Amino acid sequence: VISPPPVKDTAANARIGQLAALQQQLCAERGIAFAQVYELLAKTADYMDDLSDGLHPGSQGCALMAQTLMAQECVRAFMRAAQ
């Protein structure tokens with residue numbers, strides 16, 4: 001499971017942060033791999049600045065999301081298993 005990414009709207013981000021935390025907790029309880037992107041990308045100014053419409057990242061934001069995902073062991077393990 002991958003958490004939802006952050007958006008520009010502060011109120012929406014508060015809800016997304018709560019959702020991501022609950023997702024992470026449920027995954028941990030059930031032994032399901034969880035990749036956290038919300039917390040990491042919300043703190044990354046380059047990602048947040050690349051949300052041109054407030055929701056969708058441009059090419060720089062997509063690259064940062066990919067880097068964030070690939071830095072997590074559960075994602076690398078999934079990619080190895082998919083080969």
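Predicted model: local features only at pLDDT ≥ 70, side-chain atom pairs only at ≥ 80, totals over all residues.
Figure 1. Beyond its neighbours within four places in sequence, methionine 48 is in contact with Pro6, Val7, Lys8, Asn13, Leu41 and Ala42. Apart from methionine 48 itself, Leu41 is also one of the residues of the largest nonpolar core. That core has 9 residues, namely Ala35, Val37, Leu41, Tyr47, Met48, Leu51, Leu64, Leu69 and Val75. Another core, of 5 residues, lies apart from the largest one and includes Val7, Ala12, Ile16 and Ala20. In soluble globular proteins, nonpolar side chains tend to be buried together.

**Figure 2. Glutamine 72 in the loop between α4 and α5 (73-81).** Glutamine 72 has a relative accessibility of 14% and therefore counts as buried, the cut-off being under 20%. A polar atom of the glutamine 72 side chain lies 3.2 Å from the backbone oxygen of threonine 68. With neighbours within four places in sequence left aside, the contacts of glutamine 72 are Phe34, Ala35, Gln36, Val37 and Leu40. Among these contacts, Ala35 and Val37 are listed as residues of the largest nonpolar core.

**Figure 3. Glycine 61 in helix α4.** The relative accessible area of glycine 61 is 0%, so the residue is buried. Leaving aside neighbours within four places in sequence, glycine 61 is in contact with Tyr47 and Asp50. Of this pair, Tyr47 is a residue of the largest nonpolar core. Glycine 61 and phenylalanine 78 are separated by 17 residues in sequence and by 22 Å in space, taken from C-alpha to C-alpha.

**Figure 4. A nonpolar surface patch made by Met70, Phe78 and Met79.** The patch covers about 320 Å². Methionine 79, one of its residues, is found in helix α5. With a relative accessible area of 41%, methionine 79 is partly exposed, because this value falls between the limits of 20% for buried and 50% for exposed.

**Figure 5. The salt-bridge network of Glu73, Arg76 and Arg80.** The structure holds 3 salt bridges. One of them joins arginine 76 to glutamate 73, with the closest N and O atoms 2.8 Å apart. Both of these residues belong to helix α5, where they are 3 residues apart, about one turn of the helix. Arginine 76 counts as partly exposed at 29% relative accessibility, and glutamate 73 is partly exposed with a relative accessible area of 41%. Glutamate 73 also meets the side chain of arginine 80 in a salt bridge, at 2.7 Å from N to O. Arginine 80 is partly exposed, its relative accessible area being 48%. Through shared partners, these salt bridges join Glu73, Arg76 and Arg80 into one network.

**Figure 6. The salt bridge between glutamate 29 and arginine 30.** The closest N and O atoms of glutamate 29 and arginine 30 are 3.6 Å apart. Glutamate 29 has a relative accessibility of 53% and so counts as exposed. Arginine 30, at 54% relative accessibility, likewise counts as exposed.

Note on methods
Residues numbered from 1 in each chain as written. Heavy atoms only, no water. Core = buried A, V, L, I, M, F, W, Y, C linked by side-chain atoms within 4.5 Å. Buried < 20%, exposed > 50% of the residue type's maximum accessible area, 1.4 Å probe, protein only. Contact = heavy atoms within 4.5 Å. Helix = DSSP H or I, 4+ residues; strand = E, 2+ residues; numbered from the N terminus. Polar contact = N/O pair within 3.5 Å; in protein donor to acceptor, adjacent residues only side chain to side chain. Patch = residues over 30% accessible without salt bridge, like charges linked within 9 Å, V, L, I, M, F, W, Y side chains within 5 Å. Areas by Shrake-Rupley, 256 points an atom, 1.4 Å probe, with all protein chains shown as cover. Salt bridge = Lys/Arg side-chain N within 4 Å of Asp/Glu carboxyl O.
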